[in-house]
Amino acid sequence: MPRELQIQVAPEVAAQQHLLIQHIAKLIQVKPEEIRHVAILKRSIDARQKAVKINLKVAAYWQEDYTEQKLQFPEYKDVSNAREVIIVGAGPAGLLAALQLIDLGLRPIVLERGKDAQERRRDLKAIHRDHIVNEDSNYCYG
């Protein structure tokens, strides 16, 4: 059984496998050459301080062999002829709602009021640079 660890390392360590293995070996008190594989399960950046850190959730294999697992994607039903449900907003909540409706066998129709991404970027830049807020295209819309 691999050992799961939550660690915080410098970007250089996260980017170089041999440095990451050395760091993990020191934490779990084994020799680096004993570690057979390190699988990164989750990665995030902590840039709140001047020194940027990388948060990693890893699975370290050193007493057993690592076998790569295939990703399994969910299979969604064909809902093209199902009852329609209107979703207002294509943000994270709207898109998740659409997926859940498909799971339930319903056909989601997602309506988005905001502009496309390129136009919205210009509007957000105007907020910061010129202090001009477009009430139909800002942080609340996208």
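Helices (H or I, at least four residues) and strands (E, at least two) are DSSP runs, numbered from the N terminus. The model is predicted: local features need pLDDT of at least 70, side-chain atom pairs count only at pLDDT 80 or more, and totals for chains, interfaces and linings use all residues. Residues are numbered from 1 along each chain as its sequence is written, and side-chain values use heavy atoms, with hydrogens and water left out.

**Stop 1: helix H2**

The expected span is 1.5 Å times one less than the number of residues in the helix.

Now show the side chains of Leu20, Ile21, Ile24, Ala25 and Ile28, which are buried in H2. They cover an arc of only 135° around the axis, which puts them on the same side of H2. The arc is that of the directions from the helix axis to the C-beta atoms. Buried means under 20% relative accessible area, exposed over 50%, and partly exposed in between (1.4 Å probe, protein chains only). An α-helix has 3.6 residues a turn, so residues three or four places apart point the same way.

What covers the buried residues of H2? The cover includes E1, helix H1 (11–15), E2 and E3. Contact here means heavy atoms within 4.5 Å.

**Stop 2: the loop after H2**

Select Gln29, which sits in the loop between H2 and E2. Just after H2, Gln29 takes a positive phi of about 60°, and this is a residue other than glycine. Gln29 counts as exposed, at 72% relative accessibility.

Move on to Glu33, in the loop between H2 and E2. Is Glu33 buried or exposed? At 63% relative accessibility, Glu33 counts as exposed.

**Stop 3: the antiparallel sheet**

Two strands pair if DSSP finds at least two bridges between them.

Select E1 and strand E3 (residues 53–61), which pair in the antiparallel sense over 7 bridges. Within this pair, Leu5 has Val58 in E3 as its bridge partner.

**Stop 4: E4, H3 and E5**

Select strand E4 (84–88) and strand E5 (107–111), against which the buried residues of helix H3 pack. E4 and E5 pair in the parallel sense over 5 bridges, and Val85 stands opposite Pro108 in E5.

Gly94, Ala98, Leu101 and Ile102 are buried in H3. Seen down the axis of H3, its buried residues fall within an arc of 100°, so they line one face of the helix. The face turned away from this buried side carries the exposed residues Pro92 and Ala93. Just after H3, look at Gly105, with a positive phi of about 85°.

E4, H3 and E5 make a right-handed β-α-β unit. To check the hand, point the strands away from you: the crossover is right-handed if the path from the first strand over the helix to the second runs clockwise.

**Stop 5: helix H4 and what follows**

Select helix H4 (residues 117–130). Its 14 residues reach 19 Å from first C-alpha to last, close to the 20 Å expected at 1.5 Å a residue. Which residues of H4 are buried? They are Arg120, Asp123, Leu124, Ala126 and Ile127. Viewed down the axis of H4, the buried residues fall within an arc of 150°, so they line one face of the helix. On the other side of H4, Arg121, Lys125, His128 and Arg129 are exposed.

Finish at His131, in the segment after H4. His131 has a positive phi of about 60° although it is not a glycine, and it is exposed, with a relative accessible area of 66%.
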